[in-house]
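Here is a short briefing on one model. Please keep the sequence and the coordinates open while reading.

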Amino acid sequence: MTSPDSDLSNTSTKLKDVSLASQQLLERKKFQCVFQELKKRVEFGRTEEAASNQHKSDAIDDKLEQRSERQAELQKSHDTVLRDSEKKTSIKTPKVILDVENLPPCPCRTQCPECRQYIMTETFSSISSVTWLLCFITAGIGCMAGCCLLPFCIDQFKSITHRCPKCRTLITTIKRL
Ligand SMILES: [Zn+2]
């Protein structure tokens, strides 16, 4: 038979055990809480890191876009400069006109049909039948006070003759009207 004393001590031991167990559980719970908190913080850090990484990649994207824009601008200006320089070189080296019958009314580069050399032609204007015709027309209208002589002073009413500066050959004559 068990005495009440031993019963009491038994109960008190059990109570102690229970309280110890509950204390342990509390400790465990606390630890769990701390662990959770730590975990949360770590995760938060990670998300923050991810966010900052995202931000960085966004910044890089922006920079890339700016670079591509700048590149397009540079390409454009480069093309413009290239075109300009092409224009300039075309001005510096005028086209050689080989068809002597279609020379413009100004000095131009061509091949002399006589000496076969590539030359810059000399031009001079000369009185043509058109000049005389205009003279008679102005005289007929009534401009007798010297107005009929005007066509002789205006190069547009005269013929233009191209001459080779080396062999002095007359290459062609451009008649007006
Ligand atoms: Zn010549």
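Helix 2 has 13 residues, which should span 18 Å at 1.5 Å a residue; its end C-alpha atoms are 19 Å apart, so the two values agree. The model is predicted.

*Helix 2*

- Helix 2 covers residues 129–141, and Ile 137 lies in it.
- Ile 137 counts as exposed because it has 12 C-beta neighbours inside 10 Å, and the cut-off for exposed is 12 or fewer.
- Ile 137 and Cys 148 are eleven residues apart along the chain, and their C-alpha atoms are separated by 7.8 Å.

- Three strands make an open sheet in the order 3-4-5, with antiparallel pairing.
- Strand 3 (122–126) and strand 5 (170–174) are the edge strands, and each pairs on one side only.
- From one strand to the next, the twist averages 25°.
- Strands of a sheet pair through backbone hydrogen bonds, in a parallel or an antiparallel way.

*Strand 3 with strand 4*

- Five bridges join strand 3 and strand 4 in the antiparallel sense.
- Glu 122 is placed opposite Arg 163 of strand 4.

*Strand 4 with strand 5*

- Strand 4 spans residues 159–163 and pairs with strand 5 in the antiparallel sense over four bridges.
- Thr 161 has Thr 173 of strand 5 as its bridge partner.
- Ile 160 is set opposite Ile 174 of strand 5.
- The two strands form a hairpin, with six residues between them.
- Arg 168 sits in that turn and has a positive phi of about 60°.

*Faces of strand 4*

- In a regular strand, side chains alternate between the two faces of the sheet.
- The covered face of strand 4 carries Ile 160 and His 162.
- Its uncovered face carries Ser 159, Thr 161 and Arg 163.

*The loop at Asp 99*

- Asp 99 lies in the loop between helix 1 (4–92) and strand 1 (109–111).
- Asp 99 counts as exposed because it has 8 C-beta neighbours inside 10 Å.
- Asp 99 and Gln 111 are twelve residues apart in sequence, with 8.7 Å from C-alpha to C-alpha.

Methods: Residues are numbered from 1 along each chain as its sequence is written. This is a predicted model: local features need pLDDT of at least 70, side-chain atom pairs count only at pLDDT 80 or more; totals for chains, interfaces and linings use all residues. A residue is buried if 20 or more other C-beta atoms lie within 10 Å of its own, exposed if 12 or fewer, and partly exposed in between; C-beta atoms are placed from the backbone. The expected span of a helix is 1.5 Å times one less than its number of residues. Two strands pair if DSSP finds at least two bridges between them. Axes are lines fitted to C-alpha atoms, for helices over the stretch in contact, and angles run from 0 to 180 degrees between N-to-C directions.
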